[in-house]
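Lead sentences come first, followed by points grouped by topic.

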Amino acid sequence: MFRRTPQACDELKSFPPPNNFPHTPPPIDNRNNKTTSSPTCRGRRRLGDPEAWKPPHEWDCTPTKQSTASAISERLQTTATTSEAIYSVVPALPVIQRELRMMAAASSELMLANLKSSMGEATDATVYKELEMTKKRWMFSALHRQDGYAQLMDRPNERPEHAPIPKRGRILALYETPSKSSQSSGFRVGNKRKKADISAASASFLAALYPTVPMTHLSPRPLSPNSFPNVHPLLVPSISVSASSRALPPQIYSAVTCLAMPTLFPSTDIPPLLRHINRCLAPGGSLHLTIIDPQPVSSSMGPKLRQWLFTNLLVNLEQAFRTTWPSETFPAWLAVGRLRGKGSTIATKTIQAIPIIPKNPSKEDLKSELRCLSNRMLWQEIWGGFVQASQWWWEDKEIVEECVSLGTHWQCSHIIAVKEDPIKSSGYIH
């Protein structure tokens with residue numbers, strides 16, 4: 001069993017704290033209600049006014065240690081307040097832990113009911129965000145239980161009896177805050193559709209799933225350690241390969257995950273990113289990916305769905321230089337990144353686009369519907385930010401009928417890409 005120590009979140013001391021460049025406070029002297037400034041503060045007026053000149057030792061513009069410390073404290077407090085405001089709808093770690101235990105014990109029928117729930121005409125944005133994030137955790141829980149999503153390492157309650165306790169590792173949640181797809185859902189106020197930021201769902205799910213494992217959340221908006229003590233926030237200015245490569249220390253992480261990698265980066269940036277991930281992985285560490293293509297298996301797809309995807313999604317992906325077949329391109333990219341070492345696996349499952357459910361469904365029928373719905377939501381989470389349409393394809397009756405008649409299906413793959421041993425040869429083990 002993993003042993004939690006009070007210093008679990010302080011072990012990554014080599015990481016610089018975010019926003020550690022305080023502004024120098026202006027040289028203000030409040031005595032006698034007068035303001036004194038340096039020569040550069042008054043600029044041209046000083047140059048044109050000889051009487052205003054003072055010798056350097058009388059400028060009195062050097063900030064004291066007390067004022068500098070005050071500025072640093074104020075800056076950090078402001079940053080923390082801003083971060084807390086951003087994630088004010090994210091429950092604390094113990095709350096999500098209890099929620100995940102309840103979800104793990106839930107039946108397929110209960111999971112389906114929660115995934116199908118709708119806010120309707122919501123008027124309160126905060127309530128909508130909270131319920132939508134909970135709904136997404138139901139999705140992640142279903143994927144974790146059925147298809148192996150986020151199986152980053154053994155959990156104490158999932159390890160066989162008398163099995164050896166694994167060495168404690170570190171998890172890197174790399175941009176587990178999809179920038180566009182996280183805002184693909186929305187609530188309605190009157191006739192206006194507003195977007196809801198639910199990007200913290202995947203990161204908070206991972207933090208609660210492995211509460212005793214130190215997790216680094218690298219993101220422009222990382223989770224707060226005040227709510228998640230096992231999280232080390234690593235703030236970067238933007239989602240880019242250069243930003244992540246400069247921030248990541250070498251050979252320290254046992255597991256890395258990045259849910260929306262195919263949509264976060266242009267195709268040309270992914271091989272360099274994978275090389276940086278290789279560098280930050282400890283020996284034997286692995287990258288965990290969940291790959292679902294933007295389009296179903298070609299032989300099972302009809303003309304109506306093909307046209308919808310081409311018009312509303314694929315063209316947008318091409319214009320943004322994103323890959324349209326990650327299942328075909330990622331194995332080659334992982335080889336370039338030297339992430340196909342011994343122990344690498346790829347598990348692929350077939351997901352029906354529209355499940356056929358009888359009037360009196362059995363437990364297997366409900367499991368099939370749950371797998372379909374949870375993977376459809378995963379598709380929406382990853383690719384939805386690039387969709388420009390008035391409705392989703394599963395809301396079009398003609399497309400639904402076509403999918404049922406043709407048996408349209410997707411393939412979803414869970415990849416464990418192990419860092420290669422430079423001495424040994426590589427290759428997937430299926």
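**A helix across the sheet**

Helix H7 (residues 201-209) lies across S1, S4, S5 and strand S6 (253-257), and runs at about 170 degrees to S4. The model is predicted. The protein contains 14 helices and nine strands. Of its 430 residues, 47% are buried. Among contacts between residues at least 6 apart in sequence, 77% join residues at least 24 apart.

**The sheet**

- Seven strands form an open sheet with mixed pairing, in the order S5-S4-S1-S6-S7-S9-S8.
- Strand S5 (231-235) and strand S8 (345-352) are at the edges with a single partner strand each, so one side of each has no neighbour in the sheet.
- From one strand to the next, the twist averages 15 degrees.
- Strands of a sheet pair through backbone hydrogen bonds, in either a parallel or an antiparallel sense.

**Strand pairs**

- Four bridges link strand S1 (residues 171-174) with strand S4 (residues 215-219), and this pairing is parallel. Ile-171 has Met-215 in S4 as its bridge partner.
- S7 and S9 run antiparallel and are joined by seven bridges. Opposite Leu-289 stands Ile-415 in S9.
- S8 and S9 also run antiparallel, with eight bridges between them. Lys-349 has Cys-412 in S9 as its bridge partner.
- Strand S9 (residues 409-418) is mostly covered, with eight of its ten residues buried.

**Helices H4 and H6**

- Helix H4 (residues 93-105) and helix H6 (residues 125-147) have axes that come within 10 Å and cross at roughly 50 degrees. H4 is therefore oblique to H6.
- The crossing of H4 past H6 is right-handed.
- On the H4 side, the contact is made by Ile-96, Glu-99, Leu-100, Met-102, Met-103, Ala-104 and Ala-105. On the H6 side, the residues are Thr-134, Arg-137, Trp-138, Ser-141 and Arg-145.
- Sorted by class, the contact of H4 with H6 has seven nonpolar, two polar and three charged residues.

**Helix H10**

- In helix H10 (residues 270-280), the buried residues are Ile-270, Pro-271, Leu-273, Leu-274, Ile-277, Asn-278 and Cys-280.
- The cover over the buried residues of H10 includes the strands S1, S6 and S7 (281-292). It also includes helix H8 (241-247), helix H9 (261-264) and helix H12 (326-336).

**Trp-379**

- Trp-379 is located in helix H13 (residues 363-383).
- The relative accessibility of Trp-379 is 2%, so this residue counts as buried, the cut-off being under 20%.
- Not counting residues up to four places away in sequence, Trp-379 touches Ile-292, Asp-293, Pro-294, Trp-308, Leu-309, Leu-313, Gly-384, Val-387, Trp-392, Trp-393, Trp-394 and Trp-410.
- Between Trp-379 and Pro-294 the separation is 85 residues in sequence and 7.2 Å in space, taken from C-alpha to C-alpha.

Key
Residues numbered from 1 in each chain as written. Predicted model: local features only at pLDDT ≥ 70, side-chain atom pairs only at ≥ 80, totals over all residues. Heavy atoms only, no water. Pairing = 2+ DSSP bridges. Helix = DSSP H or I, 4+ residues; strand = E, 2+ residues; numbered from the N terminus. Axes fitted to C-alpha atoms, helices over the stretch in contact; angles between N-to-C directions. Contact = heavy atoms within 4.5 Å. Parallel < 35°, antiparallel > 145°, perpendicular 65-115°, else oblique. Left-handed = near helix turned anticlockwise from the far one by under 90°. Nonpolar A, V, L, I, M, F, W, Y, C, P; charged D, E, K, R; others polar. Buried < 20%, exposed > 50% of the residue type's maximum accessible area, 1.4 Å probe, protein only.
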